[in-house]
Amino acid sequence: MADKKRKEKVEGIKGIMDGLEDNDEQNKSSKEEKSKRIKEDKNKSSKEEKKKRSFMLTNNQIEKIYLLKAKNNSMTLSEIVGQAIEEFYESKN
């Protein structure tokens with residue numbers, strides 16, 4: 001009698017564990033699909049090829065960039081610097 005109850009409990013636990021494994025597989029596949037969509041969106045949105053560069057800035061310049069970032073939360077730091085370069089270039093020509 002006790003063995004039968006234990007067997008039922010073990011089978012119930014296995015059923016729960018199988019359900020958790022199914023959820024894990026579904027979460028993994030949905031995360032993979034989402035990351036693919038994000039990568040595709042980024043590729044579509046980038047109009048120009050971008051390259052990484054390093055520049056030395058003073059602490060004051062860095063502080064100003066971060067203040068601009070705080071005011072323009074939707075823009076990336078690269079976009080802020082890029083826009084500043086474009087405006088500077090246009091003012092000099």
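Helices (H or I, at least four residues) and strands (E, at least two) are DSSP runs, numbered from the N terminus.

View 1. The protein has three helices and zero strands. From the N terminus on, its elements run α-α-α. This is a predicted model, where local features need pLDDT of at least 70, side-chain atom pairs count only at pLDDT 80 or more, and totals for chains, interfaces and linings use all residues. Residues are numbered from 1 along each chain as its sequence is written, and side-chain values use heavy atoms, with hydrogens and water left out.

**View 2. Confidence is lowest in helix α1 and highest in α2.** pLDDT is the predictor's confidence in each residue, from 0 to 100. The protein averages 78. Of its residues, 58% score at least 70. Helix α1 (residues 2–45) has a mean of 66. Helix α2 reaches 94.

**View 3. Helix α2 crosses helix α3.** Helix α2 covers residues 59–71 and helix α3 residues 77–92. Their axes (lines fitted to C-alpha atoms over the stretch in contact) come within 10 Å and cross at roughly 110°. Angles run from 0 to 180 degrees between N-to-C directions. That angle makes α2 roughly perpendicular to α3 (65 to 115 degrees). I65, Y66, L68 and K69 of α2 meet L77, I80 and V81 of α3; contact means heavy atoms within 4.5 Å. The residues of this contact divide into six nonpolar, no polar and one charged. Nonpolar means Ala, Val, Leu, Ile, Met, Phe, Trp, Tyr, Cys and Pro; charged means Asp, Glu, Lys and Arg; the others, Gly among them, are polar.

**View 4. S78 is an exposed residue of helix α3.** S78 has 60% relative accessibility, so it counts as exposed (over 50%; buried is under 20%, with a 1.4 Å probe and protein chains only). S78 and I65 lie 13 residues apart in sequence. Their C-alpha atoms are 9.9 Å apart in space.

**View 5. The surface of the protein.** Buried residues make up 3% of the 93 residues. The protein exposes about 9,700 Å², by the Shrake-Rupley method with a 1.4 Å probe. Carbon and sulfur atoms supply 53% of that area.

Terms used: Angles under 35 degrees count as roughly parallel, over 145 as roughly antiparallel, 65 to 115 as roughly perpendicular and the rest as oblique.
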